[in-house]
Amino acid sequence: MAAGERLEREQRQVELLDDLRAIVTGPAAHLVDLVARLGELRPGVYGHLDPTSLGSMLRAAGVSVSTVWDPSKPREQAAGKGIRREWLDQPPEPGLRLVSG
C-alpha cells in the first residue's frame with residue numbers, strides 16, 4: 001500500500017470516529033443503530049454500510065465491538081452487538097496495524 005493510500009485510509013478512520021463521537025450520546029449503542037445514524041449524517045459516505053461492515057471498520061480503527069447493553073432500548077432489545085462510548089476515546093492497542101481493505 002502506498003503512503004498516500006495509507007494516509008487516506010487513516011484519515012477516513014479518524015473521520016468515522018469523530019462522526020461516531022458526535023452521534024453516540026448515551027453510554028452504549030448498537031451497530032444497527034449506528035449504521036442508521038451515520039447514514040442520516042452523511043448518506044454519501046455511510047449510506048452503503050451494514051452492521052457487519054461498520055464492525056470491521058471499527059476493529060480496523062482499534063475500537064472494540066462486543067455485546068453491549070443500550071439503556072435507551074426496551075429491556076428485551078437492550079442487549080446487542082455494539083460499542084461503548086468510552087471505547088471511541090481509548091487509544092488503539094499497542095502493535096495494532098491498519099490493514100488494507
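**View A. Helix H2 (residues 31-41) lies across strands E1 and E3.** The helix runs at about 85° to E1. Axes are lines fitted to C-alpha atoms, for helices over the stretch in contact, with angles from 0 to 180 degrees between N-to-C directions; contact means heavy atoms within 4.5 Å. Helices (H or I, at least four residues) and strands (E, at least two) are DSSP runs, numbered from the N terminus. The model is predicted: local features need pLDDT of at least 70, side-chain atom pairs count only at pLDDT 80 or more, and totals for chains, interfaces and linings use all residues. Residues are numbered from 1 along each chain as its sequence is written, and side-chain values use heavy atoms, with hydrogens and water left out.

**View B. Three strands form an open sheet in the order E1-E3-E2, with antiparallel pairing.** Strands E1 (28-30) and E2 (66-69) are at the edges; each has a single partner strand, so one side of each lacks a neighbour in the sheet. From one strand to the next, the twist averages 70°.

**View C. E1 pairs with strand E3 (residues 79-84) in the antiparallel sense.** The pairing extends over three bridges; two strands pair if DSSP finds at least two bridges between them. Ala28 stands opposite Arg84 in E3.

**View D. Leu20 lies in helix H1 (residues 3-23).** Leu20 has a relative accessible area of 0% and is therefore buried (under 20%; exposed is over 50%, partly exposed in between; 1.4 Å probe, protein chains only). Leaving aside residues up to four places away in sequence, Leu20 touches Leu34, Leu38, Leu58 and Leu88. Leu20 and Leu88 are 68 residues apart along the chain, and their C-alpha atoms are separated by 7.8 Å.
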